[in-house]
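Q: Let's zoom in on one spot in this protein and really pick it apart. Once that's done, carry on from there and tell me how the other parts look.

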Amino acid sequence: MSQEFSPPTSEWYYPSDAVKKQAIVSDYEALYRKSMADIEAFWDEQAQKLHWFEPWEKVLDTSDAPFYKWFVGGKTNIAYNALDRHVKTWRRNKLAIIWEGEPGDKQTYSYWRLWREVNKCANVLKSLGVKKGDRVTIYMGRIPELVISMLACAKIGAVHSVVYGGFSEHALADRIEDAQSKVLITADGAWLRGNIVKLKDIVDEAVHRSPIVESVLVVKRTGHDVKMQQGRDYWYHDLMGLPIASPQCETTVMDAEDPLFILYTSGTTGKPKGILHTHGGYSVYTSTTLQWVFDVKDDDRYWCAADPGWITGHSYIVYAPLIIGATEIIYEGAPNHPYPDRWWRLVAEYGVTILYTAPTAIRGLMRFGDAWPNRHDLSSIRLLGSVGEPINPEAWRWFHKVIGKEKSPIMDTWWQTETGGFMIAPMPSVPLKPGSGTRPFPGIEADVVDEHGVSCPPGVDGNLVIKGPWPGMLRTIYGDPERFKKQYFSAYEKQGWYLTGDSARKDEDGYFWIIGRNDDVIKVSGYRLGTAEVESGLVSHPAVAEAAAIGVPDDVRGNVIYAYCMLKAGVTGSPELVDALKDHIRHEIGPIAVPTKIEFVTALPKTRSGKIMRRVLKARATGAPEGDLSTLEE
Ligand code: WTA
């Protein structure tokens, strides 16, 4: 584990007077103390900033813990807060989204235009029979219609399940099946590095495997020929042009605890978990965290460069920025297409003031050298952000110096799909240490504890836990409440704490340092994958009897996957088989899950009870000491 750990540096970065002066939160310490003195009063105050059709009777209901309920009895709709309320104010004509496609085409959406498109799309979904509570799967690239579809679902009370466009037909089919979606929204294709990713072909395969889908709505993006199945497939632009697609659509009144979306993420088993978030608490949590951590003001140009297919995009592209009425940038393609300065050109052209991205992207762009960013005017930037994995000090310093010109603090935000929003993150007025997410957000009690629940002293590794509920927390694993309880609340059942799955340490100043996952989750380029998923993908190939996958540190991608396969009797390993297995994983899960290295072995290190000892494989792969081998059966 320790090779993933960025050692605490004694380096401090203090915010400049200019940064401090304009920060929305000027005194983190005081705010944190106030929040902890009365957590319910604190969240009550934040929730008042949103629109509620009916107020809540109770801020927090703990009677059925860990199935917490927030803003009990309150009625709202996240789409109302993101759109309807803005079009009634001066923000109606403010830009909500500035979008640029990879080929260079552009679109802008004012709040008014976005509101109308969402209403039209909501009416189209209704005409396809989508009702409150129905699940709709969305599988698209980074185009405005993705945001529009998500908001349209929310508007009519449907539950969206966005599947990242990099997932394969098999992974998509599993997620359609688990959510039981009858309607799927996709595009003909997506642009990536000048090539077309043929999304519609993948959808056809997936729907063939999961025939529960009755209607497929297809956005024309790349314009190449696709097969349209009569009676099932509809062009988005055709339906959006019909009279049924009226730009008026009543927003469905939702209970605070009604589901908003399911987002699948990897855990310790081969089956992805459907993390469920709700309308009320999630709206309050994401909007408060974004406003304070990124200090977003009306004249900002905010750019979160994540993909809406992951939680960062859900919370900090689709929902929070619109709730707080921001203007944001969305870019469709790769950061280095056609040249490694594509992002820097976008920053200069649109006057981006806040840029939020991931360490893997920073390291990737850093490799191309300083000349690419230096060619552009990046002076508009005032704040930077990082998420997804620990940021190593070299990448931090490069980002700070070359991109932020030493005047833009970096908000290193630690959080998870499950947490809905930032949990440990600085605010612009907080002094930084490169590689640390600093301290918990107000209202959040985080700690590092040993297996008995005793707080670890400074500098000692332990489990990162959250000691109380917060509004943005997941409510359950879709269709599997038992797994929810077991996964997150069984390790510290007596105390009722949430187990994050990360190991961390605190330093003398109470700053948190994330070491990495201590379960079988691997972060590859910031994407979350389970070793069990990769392993079950490999053994589904006819040549493989048993497999083990591990994450191995990599300079750019954070981690890469190494896989060890025991072949079935009579099968011999060959370079062709390696290629075939890689191809197999590409189809089973997606390109992000393809192992960098596949090795054929005759045995796997196992405990006497038959569990694969991945730590032994990892030690061998990285040349680290193998540790205690007393349980190894050789
Ligand atoms: C890791 C992404 C260090 C962590 C929002 C966590 C981080 C997992 C950071 C969740 C960070 C996320 N520093 N590690 N700033 N942010 N992580 O669900 O291991 O895709 O548990 O959510 O990413 O990944 P997920």
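A: T186 sits in strand β8, residues 183-187 (strands are DSSP E runs of at least two residues, helices H or I runs of at least four, numbered from the N terminus). This is a predicted model, where local features need pLDDT of at least 70 and side-chain atom pairs count only at pLDDT 80 or more, while totals for chains, interfaces and linings use all residues. Residues are numbered from 1 along each chain as its sequence is written, and side-chain values use heavy atoms, with hydrogens and water left out.

T186 counts as buried because its relative accessibility is 0% (buried is under 20% relative accessible area, exposed over 50%, partly exposed in between, with a 1.4 Å probe and protein chains only). Its side chain reaches the backbone oxygen of Y139 at 2.8 Å, a polar contact (N or O atoms within 3.5 Å; within protein, one must be able to donate a hydrogen and the other to accept it, and sequence-adjacent residues count only if both atoms are side-chain atoms). Leaving out residues up to four places away in sequence, T186 touches Y139, M140, L199, K200, V203, V216, L217, V218 and V219 (contact being heavy atoms within 4.5 Å).

K200 belongs to helix α8, residues 199-209, and counts as buried because its relative accessible area is 0%. Beyond four places in sequence, K200 contacts T186, A187, D188, V218, V226, K227, M228, R232 and D233.

H452 still touches Y492 and Q495, not counting residues up to four places away in sequence.

On to the ligand, which has 17 residues around it, the closest being D412, T413, T417, K523 and R528 (a residue is near if one of its heavy atoms lies within 4 Å). An N or O atom in the side chain of T417 is 2.5 Å from a ligand oxygen. Polar side-chain atoms of D502 and Q416 also sit by ligand oxygens, at 2.8 Å for D502 and 2.9 Å for Q416. The protein buries 96% of the 530 Å² that the ligand exposes when taken alone (areas by Shrake-Rupley with a 1.4 Å probe; for residues, only the protein chains shown count as cover). Elements giving two or more residues to this shell are α11 (311-323), β20 (410-413) and β25 (512-517).

In α19 (614-622), V616, L617, K618 and A619 are buried, with β28 (544-554) and β29 included in their cover. After α19 comes G623, with a positive phi near 75 degrees.

Where pLDDT is low, the predicted coordinates should not be read in detail.
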